[in-house]
Amino acid sequence: ERHRGRTGDDPLAVSEVRLRRAQKVARLGSWELDLATKVMWGSDEAFRIYGLPPSPDRSLPYEVVKRIPLPEHRPDLDRALHELMTTGTPYELRFRIRRHDDGALRHVHSRAELTRDATGRPVLITGTLQDVTEHEESVAALENALRANEERARLILEQAADAIFVGTPSGRFSLVNRQACE
C-alpha cells in the first residue's frame, strides 16, 4: 500500500488505501446488508474481526456471520434488528463474539442504520463493527483492582486496634469500625 498519493495515482484508489489503513488502526470494520438479496458486504477489517477469510468480492457469508455472536447476545441483536427494520431506529450495541477461525472471544461495539428506497421500503442496512476487547479488558482489570483495594481498606478498618470514626463536616458519622462501636 502506498503511503500517500503521487501524481498520476487514481484518487479513488488512494482514498481506499487510506480508509483501509484507518480501519485497521481503529480496529473498525464496516459492513452492508442488502435486504432483498441477503448479500452482505464487509471491509477487510470486518473480515478480520469476524475471523473470516476475505472473499475476492468482499461478500460476507451472512448465515455464518449471524452465528458468530455468543448465543446469549442473540436476543438483544434480534430485537435491535427488528426495531431497526420496523421503526428505523439505529442500533448501538456491545456484545461478545467467538471468532470463526480461531474461536477467540472478542468484545465488539456495533452500530447500524437503515436505508429505505423512495417508497419507504427498507433496502439496506449499513453498519460498523469495532473490536473493543483490549478496552473492555483494561476496564475490567481496573474495576478488579479497585474492588481489591476497597476490600483491603475494609479489612484494615475492621482489624485496626483503634476506634476509627469517619465523619462529615456537619458532625454525622459516615463510617465507623467495630472498635468504635465497642
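This is a predicted model: local features need pLDDT of at least 70, side-chain atom pairs count only at pLDDT 80 or more; totals for chains, interfaces and linings use all residues.
**Entry: overall count.** I searched the whole structure for salt bridges and got 16.

**Entry: lysine 66 and glutamate 63.** I found a salt bridge between these two side chains, at 3.6 Å from N to O. Both residues belong to helix 3 (residues 62-66), where they sit 3 residues apart, about one turn of the helix.

**Entry: arginine 111 and glutamate 92.** Here the closest N and O atoms of the salt bridge are 3.2 Å apart. I placed arginine 111 in strand 5 (residues 105-116) and glutamate 92 in strand 4 (residues 91-98), so this pair ties together parts 19 residues apart in sequence. I noted arginine 111 as partly exposed at 43% relative accessibility, and glutamate 92 as partly exposed at 48%.

**Entry: arginine 106 and glutamate 134.** The side chains meet in a salt bridge with an N to O distance of 3.2 Å. Arginine 106 is in strand 5 and glutamate 134 in helix 5 (residues 133-159), so the pair ties together parts 28 residues apart in sequence. Is arginine 106 buried or exposed? I list arginine 106 as buried, because its relative accessible area is 18% and the cut-off for buried is under 20%. Glutamate 134, at 37%, is partly exposed.

**Entry: network.** I traced a network of salt bridges that links Arg27, Glu45, Arg48, Arg106, Asp131 and Glu134. Arg106 and Glu134, the pair from the previous entry, are among its members.

Key:
Residues are numbered from 1 along each chain as its sequence is written. Side-chain values use heavy atoms; hydrogens and water are left out. A salt bridge is a side-chain nitrogen of Lys or Arg within 4 Å of a carboxyl oxygen of Asp or Glu. Helices (H or I, at least four residues) and strands (E, at least two) are DSSP runs, numbered from the N terminus. Buried means under 20% relative accessible area, exposed over 50%, partly exposed in between (1.4 Å probe, protein chains only).
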